[in-house]
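Biologist: I have not looked at this one before. Can you walk me through it?
Modeller: Here it is.

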Amino acid sequence: MPLIDLANPSRFLALVGRVLPWLIAATVIAFVVGIALAVAAPDDYQQGATVKIMFVHVPAAWLGSFIWAVMSIAALGTLVWRHPLADVAAKTAAPIGAAFTFLCLFAGSMWGRPMWGTYWVWDARLTSVLVLFLMYLGLIALWNTVEDPSRAARAAAILTLIGALNLPIIKFSVDWWNTLHQPASVMRLGGPTIHPAILTPLLVMTLAFTLLFVTLHLAAMRNEILRRRVRTLRLLEAHGA
Amino acid sequence: MQLPAHAAFIIAAYLVTVLVVIALIAWVLADYRAQQRDLADLEARGHGRKSGSNLGSKA
Amino acid sequence: MLVAGTSLACMRGGLPIFRDVNFTVTAGEALVLTGPNGSGKTTLLRVIGGLLRPSEGGVTLEGAGPDAVLAEEAHYLAHLDPLKPSLTVAENLTFWTKFMGGAGAADEALAAVRLERLAQLPAGYLSAGQRRRLSLARLLAVRRPIWLLDEPTAALDAAGQVILADIMRQHLASGGLIIAATHGPLGLEDAKTLEMGDTRSAAGEGASPSAQTRGHAPSPDFSLRSKSTSPRKRGEVEASSLSRSLGAILARDLKVAWRVGGGALMGVLFFLAVVTLVPFALGPDLGLLRRVGPAILWIGALLASLLALDRLLAVDQEDGSLDLIVTASAPLELVVAIKAIAHWLTTGVPLVIAAPLFGVMLNIEPAAIGAVTTTLLVGTPALTFIGLIGAALSVALRRGGILLPILVLPLTVPVLIFGVAAANAARGGPVGFGTPLTILCALTLMSLVVGPFAAAATLRHME
């Protein structure tokens, strides 16, 4: 066990140590450019300045689903290849994903208040994101409940994949539920056509958020590997005494 | 320059974003320190990383 | 000091476990209970420890002061090790030391069982034998003259058995007495044995005489244990040790809830899930959601607090802590009340804090959100303390899961009625906000009194 559990992650730790400074630099640059572009972006003729909220709302929403996709790949890694880094990646991605999903919800409600006159509307997109948020929290709860990480990993991997299968179904059902009750009266977030003047900063911000996630994720994975090393050493200490 | 309409909501959205990102960064950094400290503790008690070969043989 | 059992009999589920068991153990003596599985060794130990009531006969304690209670002079070492995996070795030991009113020589006790190097390690990392040794350390940290040991050698390796034999010999030499159930040798040279026979026949004839014939004459020796059980003084000493016990329970429960993390937030997550699901059933009509919002919040909080109740006492039962808590000198009513308070602080308060946020999601107007939050703050303690009764029942009946909500839900009806009524009254209704809120307060105060007494009565009568 230690051969796989410690040796391979050791190389990963060295890699993280080398890559991390570059990633941090890239993230900072992307954010500086993104925010500059966002500030300069014109207001929407319909939504006014509130459209600026989109520059955090949309990237956060993107990360919400992107991180679930990352976790799904990691789940396959756990179940199929039994790669020791896979469940480390899956475990550490979950809290970050939950944080960005929360940000998406919060920015959405800040956008909704001036647009709809209320902080929360059971709009199809927001509600889907809320369900996604619930699933993230459930996954985190699962990780926290089971003490032994290798046992938790398999359960979490199965739940992640089931979630990945279910998310499109949930999305579809929520859309259907919403149109059933409120036939298209609610203005949808970010209309069907986005002006290029807004699209460019949006893409840069999305890139910046993604880089931020990768940086945070790698750092969190390093922590998790160290945590498992501490755990292994403690077990050895207990059994050696 | 006049603040745009609904400035409070825009500022709130960005402010919370900044706070959450700072919280994430702080979490990662604090966790890193804590793990390093635990590892140092264990090492001080003679169960360190240096005894890696020892580790393998025992397990 | 002398412990004697006279013509003891015990029935479980209508069948006799043993009949006519007699024994006498005096200070400095050990009595070893032997016999095949099912012969009632554990049952007898639990009878002596005050956890079970014999159907006939009784156990008497002599020479330990006028109002000494056997259970409070005894240590019961059960099959289970009453340890919390998230607390460190030292924290576990210190908790029991404080709870049992010991002087707190935890370090020496750990050293005596060779666990001193692992003092700062969470107990979850320990092997079975190490957990056993940690349990033994409890017997050393809190001095009590009578040791009731159930299979003390179980899970111990050779070195562990040597430690056990050493501390048992020291205990006997200092005037303690030991009653141990065992299959293997204990390493005590001149211990009396009580052969527990086959359920129906042997217990009567074979067993008791063997204990009596080989027994020494009862020679109570008080001087040896004068330090540990000097005549009890009621009053100040009692009060301070009681508050120490209760403080220890509160601190431990809060610490465990904090370490396990997530546990407290699990209820909030469930709450959020309920609040999210309701609009899917009702439709996203904001006007409708606003009208039923307070009701949704109350139902969600009610279900979430019910869900958490399952763990309130069950955790302590699963690791054997409950046996020690039930027989402790601290009044069980107060102990369970403290446990309920700790439970409310870690599960109820987060629900109250989350409620305003969920209120916004349901589009409830600010005044009504304030009202719902207030009623939840006042009402959730009632849910916890009513639930305490259900938790005690499900622990006593050893049936977890769905039974608890079925038992508890009907009892929470009044709380729900007045909680929602008060919340709705805040937005202008036929009745004012004050009336239902006052009734809700009254319900909470009543449950604060009734809950602990009912729960304690239930736990005392569990078999």
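Modeller: One term to begin with: buried means under 20% relative accessible area, exposed over 50%, and partly exposed in between (1.4 Å probe, protein chains only). The model is predicted, so local features need pLDDT of at least 70 and side-chain atom pairs 80 or more, while totals for chains, interfaces and linings use all residues. Residues are numbered from 1 along each chain as written, chains are lettered from A and ligands numbered from 1 in written order, and side-chain values use heavy atoms, without hydrogens and water.

Biologist: Is Q317(C) buried or exposed?
Modeller: Q317(C) is buried, at a relative accessible area of 19%.

Biologist: What does the side chain of Q317(C) reach?
Modeller: The backbone oxygen of V395(C), at 3.0 Å. Beyond neighbours within four places in sequence, Q317(C) is in contact (heavy atoms within 4.5 Å) with L80(C), L322(C), V395(C) and R398(C).

Biologist: Other topic. How many residues of chain A are in contact with chain B?
Modeller: 35 residues of chain A, which meet 31 residues of chain B.

Biologist: And how many salt bridges between chain A and chain B?
Modeller: Two, a salt bridge being a side-chain nitrogen of Lys or Arg within 4 Å of a carboxyl oxygen of Asp or Glu. R227(A) forms a salt bridge with D31(B), with the closest N and O atoms 2.8 Å apart.

Biologist: Which helix gives the largest share of the side of chain A that touches chain B?
Modeller: Helix 6 of chain A, with 15 residues. Helices here are DSSP runs (H or I, at least four residues), numbered from the N terminus.

Terms used:
Helices (H or I, at least four residues) and strands (E, at least two) are DSSP runs, numbered from the N terminus. A polar contact is a pair of N or O atoms within 3.5 Å; within protein, one must be able to donate a hydrogen and the other to accept it, and residues adjacent in sequence count only if both atoms are side-chain atoms.
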